[in-house]
Amino acid sequence: MRTFWIILRDAVIICAVIAVAGILINAVRPDGLPFIADKPYDIFVPCPEALGTVEMIAPGDSRLTDGKAFIVDARSQEEFDAWHLDGAVCITYDYLEPISDEELKNVTLNIVNSGKERLIVYGDGDGGQGSTGYELGRELAGKGVSHVFIVEGGADAVRKSR
Amino acid sequence: MTEQVSRFERFQKHPAHSYVALLVRLYLAWVFISACIHKIIMPESFAVDIATYQFLPLVFINPLAIVLPYVELATGVMLVTGTKARSAALMVCGMMVMFMIALTHALMHDLSISCGCFASNAAAASDPISPLTMLRDTAWLLLAVYVVVFDTNPIGVDRWLKKRKDAAKVSAEAEPEA
């Protein structure tokens with residue numbers, strides 16, 4: 001046991017000496033760091049992405065209106081209030097924040113309770129990559145929701161097809 | 001109990017441990033020396049790597065980025081030369097525990113970052129942290145523990161100094177008789 005304390009003591013002394021040496025070397029280096037950072041570092045941590053595969057469907061596809069689809073509108077609440085497909089639920093897609101576990105749980109429970117057999121998502125833009133519907137659909141699919149479909153052309157195309 | 005202790009001590013003092021430990025020391029030294037190079041050359045980049053873990057308060061980031069690479073370098077050199085080898089191995093244990101705590105924090109928060117161990121995050125975006133990183137660090141920790149516990153007579157400067165000390169002791173004991 002005594003040997004261990006000697007080893008520990010030596011390790012502490014060596015660390016202290018090296019720390020002082022490191023600080024001195026840093027002080028004389030032209031590219032040395034300030035001992036305390038004066039502002040937070042700009043860090044970039046990509047958001048964790050769980051993306052699954054989805055199937056695209058046309059806005060006039062019968063699967064949208066056969067009563068067997070749980071329909072999600074991925075646009076903002078204002079856009080949803082202005083117009084939405086009958087029976088659609090608003091889940092606004094946020095490009096920066098992944099869907100929370102609570103939200104995912106609610107969506108999944110709603111789908112299960114509704115007895116629907118597929119999830120159809122539409123959003124803004126053309127409905128393709130980068131549009132809210134496409135991104136939300138892939139995110140939900142990546143988090144375990146199966147039978148996810150995206151409407152080509154987004155909300156505008158759905159409205160025109162009615 | 002006494003018999004158990006003495007059996008353990010006999011096993012601990014087996015001369016073969018010195019040779020196995022030498023290989024372990026050389027391997028750990030290679031790991032730590034190669035890990036410290038980019039940190040010493042680019043301290044700011046290493047400070048960003050530490051900040052990316054989102055674990056330490058801002059006041060501790062630069063002091064750690066300044067000191068840690070030199071501790072790693074010294075540890076590596078001590079392990080290679082066999083200078084205070086067991087203390088160096090204990091320092092490795094301390095660093096590994098520290099890294100593993102940071103890794104656990106990053107994994108628990110789903111941070112998609114590189115560990116920053118051998119290259120900066122920016123340069124090693126394709127080497128993200130994962131449970132495998134934790135497994136690797138655990139293996140290094142166990143190797144270091146082996147050196148601390150079993151390398152009782154490390155090959156290198158420690159052994160040479162011990163021999164000199166023993167020789168001086170013998171001659172000092174012999175002198176009064178002469």
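I count two strands as paired if DSSP finds at least two bridges between them. With that in hand, I opened the model, which is a predicted one.

**Entry 1: scores.** I checked confidence before anything else. The model has an ipTM of 0.84 and a pTM of 0.64. For chain B I noted a mean pLDDT of 87, with 87% of the residues scoring at least 70. Helix H4 of chain B (residues 58–81) has the highest mean pLDDT among that chain's elements, at 95. The lowest, 77, belongs to helix H1 of chain B (residues 2–12).

**Entry 2: strand S4 of chain A.** Which strand does S2(A) pair with, and in what sense? I found S2(A), residues 69–73, lying parallel to S4(A), with five bridges between them. Within that pairing, Ile71(A) sits opposite Ile120(A) of S4(A). S4(A) also runs parallel to S5(A), residues 148–151, and three bridges join these two. There, Ile120(A) is opposite Phe149(A) of S5(A). I then followed the chain from S4(A) to S5(A): it passes through helix H4 of chain A (residues 132–142), giving a right-handed β-α-β crossover. Is S4(A) mostly covered or uncovered? Mostly covered: S4(A) spans residues 118–122, and four of its five residues are buried.

**Entry 3: where the chains meet.** How many residues does each chain bring to the contact? I noted 24 from chain A and 27 from chain B.

Note on methods. Residues are numbered from 1 along each chain as its sequence is written. Chains are lettered from A and ligands numbered from 1 in the order in which they are written. This is a predicted model: local features need pLDDT of at least 70, side-chain atom pairs count only at pLDDT 80 or more; totals for chains, interfaces and linings use all residues. Two residues are in contact if their C-beta atoms, placed from the backbone, lie within 7 Å. A residue is buried if 20 or more other C-beta atoms lie within 10 Å of its own, exposed if 12 or fewer, and partly exposed in between; C-beta atoms are placed from the backbone. A crossover is right-handed if, with the strands pointing away from the viewer, the path from the first strand over the helix to the second runs clockwise. pLDDT is the predictor's confidence in each residue, from 0 to 100.
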